[in-house]
Amino acid sequence: MTNSDMIHSNPVPFVDMAAQHQPIQAELEQAIQTVVQRGDYVLGREVAEFESLFAKACGVSQGVGVACGTDAIALGLQACGIGQGDQVILPANTFVATLIGVLRTGATPVLVDCDPQTALIDLAAAERAITPYTRAIVPVHLYGQMVSPSHLLELAETYNLLIFEDAAQAHLAEREGYKAGSIGTAAAFSFYPSKNLGAFGDGGMVVTSEEIVAQTVRSLRNYGATRKYFHTDYGTNSRLDTLQAAILKTKLPHLAGWNADRNRAAQLYDRWLEPLAEYGIFPIENHCGSGHVYHLYVIRVSDFCGCDRLRLQSGLADMGIHTGIHYPIPCHLQPAFQHLGYQPGDFPYAEALCEEILSLPMYPGITEEQITRVVFAIQTIVKSSIGQAYPPAIDAA
Ligand SMILES: *Cc1c(COP(=O)(O)O)cnc(C)c1O
């Protein structure tokens, strides 16, 4: 069998959720059956049980299940007292849900640029964006890597800001002894199916150690009712289904192992991709070691690579290797948010990253052989597209 035959007969998916669920299928079916038979489909037993288990895993005392991660951001910030007249700082390079969550509170989002090596919010840029109206910062633990807790806490203390973490990509991530979700006043998680801990549909959670914040989210998610038919808050309907909670509770004990598997896979990628640095291929840097939970494994195809990013992506697809771009357009250049008044050029690093990034196959259970194949394919495509011009003139970049 030639290399090319091997590649074509063995596609590498971007994620493989069926493979993740197969070994625990019996447990999952049992959990679902239990809820189906008991019948407490809304705010039932497993919701409270999972809330308490997940909060504990994050190192906080309270968890409040909601319908999705976007609601967790919106309702969580609202419960922290953020609203009209407040400015909230967040990175320009995040999934749009972070921005949507902030906007839904009525607060004014203030976007800032990122660090080009880690793709995380640039806290020096955040500091420059602070005004007398700044109330909160929403760090996004992008791709599964936490923003430095010590730097965040120092900034928050100096300027009296509230920290609300968007931890939708960072379940159980750790840095400097902190767990994702435990740095600030409160944090939001998503249980969208492909997240590190995913439901069989949508789900989310606000975690906090502040009793009053948890209580307020409990009311907001349930029509603003503090008790039945007594409405004290302008709430909504945003609950985590009992069925989803039962599924998540079944999966939770496996999460640490799955994350460790992702981190191991990332280390292999890092090691085997290293020789491609001279061709302009760089992994996003990991500054938190084994605490990085690699929701995504992202490389930069820099502009001196000689192989266009989209050409690399389509070349890989031709070889059965599926990749993604997270995300192709930064928040400030999305048509929906033009009213915020940002322009191209406002956040050069975030904009450059959007052109360079490529997310490689990453999921628990990805094999060494698959990773080898991905790296070999990248190597083949990059070298062939550079052709005789290799090695590239790095100094000219
Ligand atoms: C997934 C995600 C969200 C939104 O979560 P949903 O459950 O899809 O609403 C928010 N922020 C980030 C960074 C995400 O990755």
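The largest cavity lies between domain 1 (21-254) and domain 2 (255-385), because both domains give residues to its lining; the domain bounds come from an automatic or database domain assignment. A cavity here is a set of points on a 1 Å grid over the protein atoms alone where a 1.4 Å probe fits but cannot get out, and lining residues have an atom within 4 Å of a point. This is a predicted model, in which local features need pLDDT of at least 70, side-chain atom pairs count only at pLDDT 80 or more, and totals for chains, interfaces and linings use all residues. Residues are numbered from 1 along each chain as its sequence is written, and side-chain values use heavy atoms, with hydrogens and water left out.

The largest cavity holds about 70 Å³ of space, a volume being the space filled by probe spheres set on the points, which are joined across faces, edges and corners. Of its 13 lining residues, Asn93, Thr94, His326, Tyr327 and Cys354 are the closest to the centre.

Attention now turns to the sheet. Its 7 strands form an open sheet in the order S1-S9-S8-S5-S4-S2-S3, with mixed pairing; strands (E, at least two residues) and helices (H or I, at least four) are DSSP runs numbered from the N terminus, and two strands pair if DSSP finds at least two bridges between them. Strand S1 (62-66) and strand S3 (108-112) stand at the edges with a single partner strand each, so one side of each is left without a neighbour in the sheet.

Within the sheet, strand S4 (residues 134-137) runs parallel to strand S5 (residues 162-166), and 2 bridges join them. Ile163 in S5 is the bridge partner of Ile137.

Definitions and conventions:
On a 1 Å grid over the protein atoms alone, a cavity is a set of points where a 1.4 Å probe fits but cannot get out, and a pocket is an open set with protein on both sides within 12 Å along at least five of seven lines; lining residues have an atom within 4 Å of a point.
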